[in-house]
Amino acid sequence: MCRAASTKGWGWSSPEAINGLRVEHVAARLQDGADGDILTLAIDAGFGSKATFNRVFKERFGVTPSTYRRVSTDKNDAERPNLQRTT
């Protein structure tokens with residue numbers, strides 16, 4: 001029932017929804033200045049592969065996770081690009 005609701009109600013499948021939540025979690029950690037390896041953050045969020053994480057992240061935010069980390073923690077807000085979801 002949950003899968004049917006997510007597919008019909010929101011237009012994406014359950015794996016897409018779960019990966020979306022996972023990537024949002026990692027993005028929030030990166031914005032908060034979380035230390036450590038990005039891949040470790042991705043695995044801790046539930047991603048099983050680096051390739052899937054990188055693909056989902058770039059689809060969602062339009063930049064790589066390392067670029068996102070760099071610009072989201074940039075001290076100069078005037079040069080910080082808009083890092084909102086692209087999908």
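**Before selecting anything**

The model is predicted, so local features are described only where pLDDT is at least 70 and side-chain atom pairs only at pLDDT 80 or more, while totals for chains, interfaces and linings use all residues. Residues are numbered from 1 along each chain as its sequence is written, and side-chain values use heavy atoms, with hydrogens and water left out.

**The whole chain**

Begin with the chain in cartoon view, where the secondary structure comes to five helices and zero strands, giving the pattern α-α-α-α-α along the sequence. Helices (H or I, at least four residues) and strands (E, at least two) are DSSP runs, numbered from the N terminus. Of the 87 residues, 30% count as buried; buried means under 20% relative accessible area, exposed means over 50%, and partly exposed lies in between, with a 1.4 Å probe and protein chains only. With a surface displayed, the chain exposes about 5,900 Å², of which carbon and sulfur atoms supply 52%; accessible areas come from the Shrake-Rupley method with a 1.4 Å probe, and for residues only the protein chains shown count as cover. Among contacts (heavy atoms within 4.5 Å) between residues at least 6 apart in sequence, 56% join residues at least 24 apart.

**Helix α2**

Select residues 14–31, which form helix α2, with 18 residues and a reach of 26 Å from the first C-alpha to the last, close to the 26 Å expected at 1.5 Å a residue; the expected span of a helix is 1.5 Å times one less than its number of residues. Its buried residues are Ser14, Ala17, Asn19, Gly20, Val23, Val26, Ala27 and Leu30. Asparagine 19, in this helix, counts as buried at 14% relative accessibility, and apart from neighbours within four places in sequence, asparagine 19 is in contact with Phe47, Thr52 and Val56.

Next select arginine 29, also in α2, which is partly exposed with a relative accessible area of 33%. Leaving aside neighbours within four places in sequence, arginine 29 is in contact with Ala34 and Leu41, and a distance drawn between the C-alpha atoms of arginine 29 and arginine 69, which are 40 residues apart along the chain, reads 9.1 Å. Just after α2, glycine 33 takes a positive phi of about 85°.

**Helix α4**

Move on to residues 50–61, helix α4, which also holds arginine 60. The twelve residues of α4 should span 16 Å at 1.5 Å a residue, and the end C-alpha atoms are 16 Å apart, which agrees. Which residues of α4 are buried? They are Phe53, Val56, Phe57, Arg60 and Phe61. Looking down the axis of α4, the buried residues fall within an arc of 105°, so they line one face of the helix; the arc is that of the directions from the helix axis to the C-beta atoms. These buried residues pack against α2, α3 and α5.

Show the side chain of arginine 60, which is buried, with a relative accessible area of 15%. What joins the side chains of arginine 60 and glutamate 24? They are joined by a polar contact of 2.9 Å; a polar contact is a pair of N or O atoms within 3.5 Å, where within protein one must be able to donate a hydrogen and the other to accept it, and residues adjacent in sequence count only if both atoms are side-chain atoms. Just after α4, glycine 62 takes a positive phi of about 80°.

**The nonpolar core**

Now select Val23, Leu30, Phe53, Phe57, Phe61 and Tyr68, which touch the most other members among the 16 residues of the largest nonpolar core. The elements that give two or more residues to this core are α2, α3 (38–45) and α4. A nonpolar core is a set of buried Ala, Val, Leu, Ile, Met, Phe, Trp, Tyr and Cys residues joined through side-chain atoms within 4.5 Å. Centre the view on phenylalanine 53, which touches Val23, Val26, Ile38, Ala42, Phe47 and Pro65, not counting residues up to four places away in sequence.

**Helix α5**

Finish with α5, where Pro65, Tyr68, Val71 and Ser72 are buried. They cover an arc of only 135° around the axis, which puts them on the same side of α5. The buried residues of α5 pack against α2, α3 and α4. Valine 71, in this helix, counts as buried at 14% relative accessibility, and valine 71 and leucine 30 are 41 residues apart in sequence and 10.0 Å apart in space, C-alpha to C-alpha.
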